[in-house]
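Dear colleague,

I am handing over the structure below, and after it I set out what was found. Please read the notes with the model open beside you.

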Amino acid sequence: MQVMESAITGMECAESGTPFGALSEFYRAFNNRNLDLMRRNWHPEECVLDNPLGGIRRGWAEIEPLYERLFSGAARVQVVFFDYTLNQGGDMFCAAGRERGTFEKGGEIIDLAIRTTRIYRHVGGWWRQIHHHGSIEEPELLARYQSAVLKA
């Protein structure tokens, strides 16, 4: 287990083909609303997303519409990954930590605090995300976020 010191924003110069590079690519895609880059980050058939907004979605065909809606809507969500550990073995790695960020829409701003786990598999020379789990610990924050996103 490696405890990572620096936060990942998606703006760092990260070597592609490395776990750090794959994580940075995800956050670059997310924070810049780049669906093509997001699509390349996920393994299309072997992926699962589990979070408070999307529920459980299996396969890119179920996950992509969630990102399409988020990226094309009026709401703006920005997150940074920090306080995380990286566990790598063979052709897989797991990054478990926290996200902080903001949800903004129509003057409403919600500060986000999310526990996050991402699992990647090395396929065809690239790290591809196969699992994401996110949870919001505070019930009031979760309810406020879900309500704001569903209205968006």
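At least two residues of the lining of the largest pocket are supplied by each of H1, strand E2 (48-51), H3, E4, E5, E6, E7 and helix H4 (139-151); helices (H or I, at least four residues) and strands (E, at least two) are DSSP runs, numbered from the N terminus. A pocket here is an open set of points on a 1 Å grid over the protein atoms alone, with protein on both sides within 12 Å along at least five of seven lines, whereas a cavity is a set of points where a 1.4 Å probe fits but cannot get out, and lining residues have an atom within 4 Å of a point. The largest pocket holds about 420 Å³ of space, and of the 26 residues that line it, Phe30, Asn51, Leu53, Leu70 and Tyr145 are the closest to its centre. H3 contributes the largest share of this lining, with 4 residues.

Before going further, please note that this is a predicted model, in which local features need pLDDT of at least 70 and side-chain atom pairs count only at pLDDT 80 or more, while totals for chains, interfaces and linings use all residues. Residues are numbered from 1 along each chain as its sequence is written, and side-chain values use heavy atoms, with hydrogens and water left out.

Because 11 of the 13 residues of H1 are buried, the helix is largely enclosed by the rest of the structure, where buried means under 20% relative accessible area, exposed over 50% and partly exposed in between (1.4 Å probe, protein chains only). The cover over its buried residues includes helix H2 (35-41), helix H3 (60-72), strand E4 (76-89), strand E5 (92-105), E6 and strand E7 (126-135). Just after H1, arginine 33 takes a positive phi of about 55 degrees.

Within H1, phenylalanine 26 counts as buried at 2% relative accessibility. Beyond its neighbours within four places in sequence, phenylalanine 26 is in contact (heavy atoms within 4.5 Å) with residues including Met38, Trp42, Tyr67 and Arg118.

Threonine 116, in strand E6 (residues 108-123), counts as buried at 1% relative accessibility. Its side chain makes a polar contact with the side chain of glutamate 99 (3.2 Å); such a contact is a pair of N or O atoms within 3.5 Å, where within protein one must be able to donate a hydrogen and the other to accept it, and residues adjacent in sequence count only if both atoms are side-chain atoms.

Finally, a search of the whole structure finds 0 disulfides, a disulfide being a pair of cysteine sulfur atoms within 2.5 Å.

With best regards

Definitions and conventions:
Grid points are joined across faces, edges and corners, and a volume is the space filled by probe spheres set on the points.
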